[in-house]
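Open the structure in your viewer and keep the selection tool ready. We will go from stop to stop, and at each one you select something and look around.

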Amino acid sequence: MDKTHSRERGAAPAEEPMPVVLAGARGHGRWHLDNIRRLTAEGKVRLAGVCDLRPLTAQELGDGLGEPEQSADLAGLVTRTGARIAVISTPIHTHADLALAAAERGAHVLLEKPPTPSYAEFTRMVEGLRGYGAACQIGFQSLGSHALPAIRKLVSDGRVGAVRGIGAAGAWARDEDYYTRAPWAGHRTLDGRDVVDGVLTNPLAHAVATALWLGGADRAEDVTGIELELYRANAIEADDTSCVRIRTAGGTAVAAAVTLCAEEPGEPYVTVHGDRGRITFWYKLDRVRVEPDGAPPETTDHARTDLLDNLVAHLRHGTELLVPPDRTGAFMRVVEAVRTAPAPVPLPADAWRTESGAGVAPRAAKRRVVPGIDRLVTAGAERLALYSELRAPWAAPPAEVPHP
């Protein structure tokens, strides 16, 4: 590959903050902006540039970040600022090209999830990054939780017996405006390009990826089969109420039942089902409850390592990356299954209702609710079952996705 624009990637001196550019500073990018602000205050990074279609105002940028250069051209911004890291929080279908453009100019990459909208794009990106010698961290923040190794130890110590499966549940709510916030939102494709912005692959992607990690099946070769059911209550292309069951090379079944049409939205979680108890992990809270048979439950809260902080430590000290691309290969098999599956089945009009949600008067947001979906999500994670197996009145038999 052409490396004429690449710079030497030797680690920056420990005493100097590492220059970072942020691509996509609005929407979820605001979280990254605040995180960079925190790490700047700790002396670990400095914001050298912001890449967005419209420059941030002084109010949007806020305090503590100086006056970073702003440009809509990420490649040029990386070159001019000498950025060592590019944080990419842009639409899904732009990820691969932007990651490669930044890497060609000498930057390492923190890339938001999902990494890409197809397995072919994922492979192209990974091979390109490897050719440029660029490190890449995928933004599954839940995989930085210290709860994960703690759960692994509980399992290895036999606290809940032999693992019989991993179940994930996510009952969230999104109003109709969520799907009009950006041209790509809720789309499977846009202008001929794959987007795959469905509930399994984007809003509740952490549930799937975390369940695969806990099942010891996070690499592409760990997946031996996928059963998938995709539905939608909203007037969108993509799915908003779906379930998946993944067969793994190790024999552990991993299932996820998720929705954006919950009656009573709650914290998503992953459950490790043992033959002598269970372990539940609320991954946004870093909270673990172990319930061994015949013993009182124990609940613990855990710390979390920030993924940008971990990437900086990797570049400075050789610390192992927490979420390199190859550890998201199994998740990308699920993305590919969703991409190639038939279009999500629209739920019949009597299977959902419209409710008014939070909003600023005189216009309150509206959202679509699927009655009974909370119970189905819980049962899916508990029984490792698909909606059709749970006899949801609107569910069709599952589609078996051919294994690549």
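Buried means under 20% relative accessible area. Keep that cut-off in mind at every stop. One caution before we start: this is a predicted model.

**Stop 1: an aromatic pair at the end of the chain numbering**

Select Tyr387 and Trp394. Both tyrosine 387 and tryptophan 394 are buried. Together, Tyr231, Tyr387 and Trp394 make up one aromatic cluster.

**Stop 2: the main core**

Which residues touch the most other members of the largest nonpolar core? Select Ile85, Leu200 and Phe331: these are the ones, in a core of 101 residues. Next, colour helix 7, residues 205-214. Helix 7 gives this core its largest share, eight residues. As background, nonpolar side chains in soluble globular proteins tend to be buried together.

**Stop 3: Phe331 and its partner**

Go back to Phe331. Phenylalanine 331 is buried, with a relative accessible area of 2%. Leave out residues up to four places away in sequence, and show what Phe331 touches. Its contacts include Pro114, Pro115, Leu200, Ala205, Val208 and Leu212. Phe140 is also one of them.

The whole structure holds seven aromatic pairs. Phenylalanine 140 and phenylalanine 331 form one that is edge-to-face, 5.0 Å centre to centre with 75° between the planes. Why does this pair tie together parts that are 191 residues apart in sequence? Phenylalanine 140 sits in the loop between strand 6 (136-138) and helix 6 (147-156), whereas phenylalanine 331 belongs to helix 9 (residues 329-340), so the pair links those two parts. Phenylalanine 140 is buried as well, at a relative accessible area of 0%.

**Stop 4: strand 13**

Select residues 269-274. Is strand 13 largely enclosed or open? Six of its six residues are buried, so the rest of the structure largely encloses it. Check both faces. On one side are Tyr269, Thr271 and His273, on the other Val270, Val272 and Gly274, and all are buried.

Strand 7 (residues 163-171) pairs with strand 13 in the antiparallel sense, over six bridges. Strand 14 (residues 277-282) also pairs with strand 13 in the antiparallel sense, over five bridges. Click on Val270. Valine 270 is the bridge partner of alanine 168, and valine 270 also stands opposite phenylalanine 281 in strand 14. Then follow the chain onward: a hairpin of two residues joins strand 13 to strand 14.

**Stop 5: an annotated stretch**

Select residues 150-279. An unreviewed UniProt entry lists them as "domain: GFO/IDH/MocA-like oxidoreductase". Over this stretch the chain is 13% helix and 36% strand. Its end C-alpha atoms are 11 Å apart.

**Stop 6: charges over rings**

Select Arg181 and Tyr178. The charged end of arginine 181 sits over the ring of tyrosine 178, 4.0 Å from its centre. Then select Arg333 and Tyr119. Arginine 333 lies over the face of tyrosine 119, 4.0 Å from the ring centre.

**Last stop: Pro117**

Where is proline 117 found? Look in the loop between strand 5 (108-111) and helix 5 (119-132). Proline 117 counts as buried, at 5% relative accessibility. Beyond its neighbours within four places in sequence, proline 117 contacts residues including Ile92, His93, Asp194 and Val335.

Note on methods:
Residues are numbered from 1 along each chain as its sequence is written. This is a predicted model: local features need pLDDT of at least 70, side-chain atom pairs count only at pLDDT 80 or more; totals for chains, interfaces and linings use all residues. Side-chain values use heavy atoms; hydrogens and water are left out. A nonpolar core is a set of buried Ala, Val, Leu, Ile, Met, Phe, Trp, Tyr and Cys residues joined through side-chain atoms within 4.5 Å. Buried means under 20% relative accessible area, exposed over 50%, partly exposed in between (1.4 Å probe, protein chains only). Helices (H or I, at least four residues) and strands (E, at least two) are DSSP runs, numbered from the N terminus. Contact means heavy atoms within 4.5 Å. Two strands pair if DSSP finds at least two bridges between them. Rings of Phe, Tyr and Trp (its six-membered ring) pair if their centres lie within 6.5 Å; planes under 30 degrees apart count as stacked, over 60 as edge-to-face and the rest as tilted. A charge sits over a ring if NZ of Lys or CZ of Arg is within 6 Å of the ring centre and within 35 degrees of the ring normal. UniProt positions are given in the numbering used here, feature names are shortened, and annotations may be inferred rather than shown by experiment.
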